[in-house]
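Here is a briefing for a reader new to this protein.

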Amino acid sequence: MADSGLNEVERKRKELMLYLRSMGISPFGERFITLHTNKELKEKFDNFGNEEIAAKGRVVAIRGHGKASFIVVRDFSSDIQLYFRFDNLGEEKYKFFKQVVDIGDIIGAKGTLFKTHTNEITVEVKDFMLLSKSMRLLPEKWHGLKDSEIRYRKRYLDLIANREILDLFVKRSEIIDAIRTFLKNKDFLEVETPMLQPVAGGATARPFDTHYNALDQNMYLRIAPELYLKRLIIGGFEKVFELNRNFRNEGLSTKHNPEFTMMEVYWAYADYNDMMTLTEELIYAAAKEVIGEESVQFKGADINLSPPFSRISFTEAFKKYTGVDVDELRDTKRAKTALETLEIRMNKPLTFGNVVNEIFDKRVEPHFIQPTFVYDYPLEISPLAKRKDDDSHMVERFELFIGGMEIANAFSELNDPIDQYERFKDQVEAKNEGGEETHMMDTDYIEAMEYGLPPTGGLGVGIDRLVMLLTGKESIREVILFPQLKTKTDEEEKE
C-alpha cells in the first residue's frame, strides 16, 4: 500500500495499523461468530432479556460524549447501535476503543440489549474486537454516493454507501430464484453447456474470440447456448433450461452490456404458441413472488404484467408505426428511401435483414410499453426459426417487448437439417459481403439435426433487462454488479 496514494488521515490510519502490529495486536482480527443478525436482534428484542448477545458489522457512525460513545454498525441485514461506556469497559479498553475505532472499520461486540430514552434498541457493550481496520476513508458524503462513475467502477463502495443498491441486488437474486422455481415446478431440468465454443452460434452477433493453448485452437466466448441445448433435445431431454453468461462484442448502451445474463428454455413437442404462454406466466410469477405486485413502474409508466399479454404481427406493427410495408424493403431503392424518410442512418450493409432490423429497433420497438408479443418475423432475420406453413418468407418467432425494450425472443425451432444448412450458407455469404453480425456455419450441429430434432419451442429471456423492469431501473449498468468499463490509466485514477 503506497503512501503516495494516501491523504493525511489515511497515512495516520496506516501508522496506527503499524503501531498495533508492533504491540502484538492484529488490526485484522480472527473469526467472530454471532448467533443472530443485527435485524434479528432488533426484531426479537423482547426474547433476549439480560442474555449476552453478539453483534458485528462495519462502523458507519460515531458519536462521543466524554466517557460514553455511541456507534452504529451495519451487517448484511441491518444497522444496530452500540453503546460504549467507560464504566463497563474499564479505562484501558475504553481508551483503546477511542484511539483505534474509526468509521469504516469492521468490529465485533458482545453485551446486552436495552432501549435508549428515544426507544432505540442498542447493545450495551461489555467487550469488543477489531476485526478489520479500514485503511482508506470512505468517499466524501459516502452515505449518499451519487457519482455513477465511482459507483460502477468501485461497486463495493456503492454497496457500502447505498443500502438500496445492496437491496436491489438481493432482489435480483430473488428474481432468478423465482424463475428457477417456476421452471422446475413445470419439470424443466437445469443444465450447463460450454461457454468456450469452437463455433459462435445460436444468434447473429459479433463474438469475442480467444485461443485455447492446450488445444492450439481458436475459440469463441459463447454468444448463446442455443445450439448446445438443442443438441440435448436431440439426445432425449424434453424440457431443459440454462441460466448463463453470454458475450457479444458489440456496443454499450442503457440496454446493452457485452457480457450479460440470459436464460434459455427448450421444450420438445411444443411450439412458439406454447412458449408465449410460458413466457407471460413466468414473468407474472416472478413479479408476484419478488415484487408482490402485478404492476410495476418503469420510465414513468404503470405497466401491468397480468396475462394475457397483447399480440400483434410483425408486419402489422411495422406498417402501423412506420407507414412502410416490410416487403417493400426488399427493393434497395425503396429501402434507401424509407431510411431517409424515417431519418435513420445505417452503417451496416444495405441488406433486407439489416434494414428491417434497424427500422424496427429505432421506430417500432419504443412504442411497446405494455407487454406485447410481436410474432411472425421475416425469415431473413431469423435463421434458426421454423418457416410458417402458409408463408415460406415468414417464420414462427416472437419477441416480447415491455417498457419499450426487448425482454424475450422465442421460436418454433427449425428442425429441418436441409433448410438449416441452406440458411447457414446464406449467413456465411452475407458475412463474406461485409456483414459482421451473421451466423457461422456449424456442420456438427447440422449432423446432430440429421439424427432428428423433434418439434421444439425455444425461448430466451434477458435477465438483466427483466431485472431492470421489475426494479424500475432505466440503465442496465444499475442491475449488473460489475458492469464493464474502460480501464483507467494510473494518471487518470489520480485526477
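Predicted model: local features only at pLDDT ≥ 70, side-chain atom pairs only at ≥ 80, totals over all residues.

Residues are numbered from 1 along each chain as its sequence is written, and side-chain values use heavy atoms, leaving out hydrogens and water.

**Overall picture**

- The protein has 16 helices and 19 strands. These are DSSP runs numbered from the N terminus, with helices (H or I) of at least four residues and strands (E) of at least two.
- The C-alpha trace spans about 90 × 50 × 50 Å along its principal axes.
- Of the 495 residues, 48% count as buried. Buried means under 20% relative accessible area, exposed means over 50%, and partly exposed lies in between (1.4 Å probe, protein chains only).
- Take the contacts between residues at least 6 apart in sequence: 65% of them join residues at least 24 apart. A contact means heavy atoms within 4.5 Å.

**Helix 10 with helix 12**

- Helix 10 covers residues 314-322 and helix 12 covers residues 352-364. They pack at an angle of about 60 degrees, with axes 10 Å apart. Axes are lines fitted to C-alpha atoms, for helices over the stretch in contact, and angles run from 0 to 180 degrees between N-to-C directions.
- Their crossing is left-handed. That term applies if the near helix is turned anticlockwise from the far one by less than a right angle; clockwise gives right-handed.
- Helix 10 brings F314, A317, F318, Y321 and T322 to the contact. Helix 12 meets them with V356, I359, F360, R363 and V364.
- These contact residues divide into eight nonpolar, one polar and one charged. Nonpolar covers Ala, Val, Leu, Ile, Met, Phe, Trp, Tyr, Cys and Pro; charged covers Asp, Glu, Lys and Arg; the others, Gly among them, are polar.

**Helix 7 with helix 15**

- Helix 7 (residues 163-185) and helix 15 (residues 463-471) pack at about 115 degrees, with their axes 10 Å apart.
- This crossing is right-handed.
- L168, K171, R172, I175, I176 and I179 in helix 7 meet I463, D464, L466, V467, L470 and T471 in helix 15.
- The residues of this contact divide into eight nonpolar, one polar and three charged.

**Helix 8 and E226**

- Seven of the 10 residues of helix 8 are buried, so the rest of the structure largely encloses this helix.
- The buried residues are E226, L227, L229, K230, R231, I233 and I234.
- They pack against strand 10 (239-247), strand 11 (259-268), strand 18 (405-412), helix 14 (443-449) and strand 19 (456-462).
- E226 counts as buried, at 4% relative accessibility.
- The E226 side chain makes polar contacts with the side chains of K230 (2.9 Å) and Y266 (3.5 Å). A polar contact is a pair of N or O atoms within 3.5 Å; within protein, one must be able to donate a hydrogen and the other to accept it, and residues adjacent in sequence count only if both atoms are side-chain atoms.
- Just after helix 8, G236 takes a positive phi of about 125 degrees.

- E280 lies in helix 9 (residues 272-291). E280 is buried, with a relative accessible area of 6%.
- The E280 side chain reaches the backbone nitrogen of F309 at 2.9 Å.
- Setting aside residues up to four places away in sequence, E280 touches P307, P308, F309, R311 and F373.
- P307 and P308 are joined by a cis peptide bond, with omega about -5 degrees.
- P308 sits in the loop between strand 13 (301-304) and strand 14 (310-313).

**Positive phi in loops**

- Most residues other than glycine have a negative phi, and most peptide bonds are trans.
- D187 has a positive phi near 70 degrees. D187 is in the loop between helix 7 and strand 6 (189-190), and is exposed at 61% relative accessible area.
- E343 has a positive phi of about 55 degrees. E343 lies in the loop between helix 11 (332-341) and helix 12, and is exposed at 68%.
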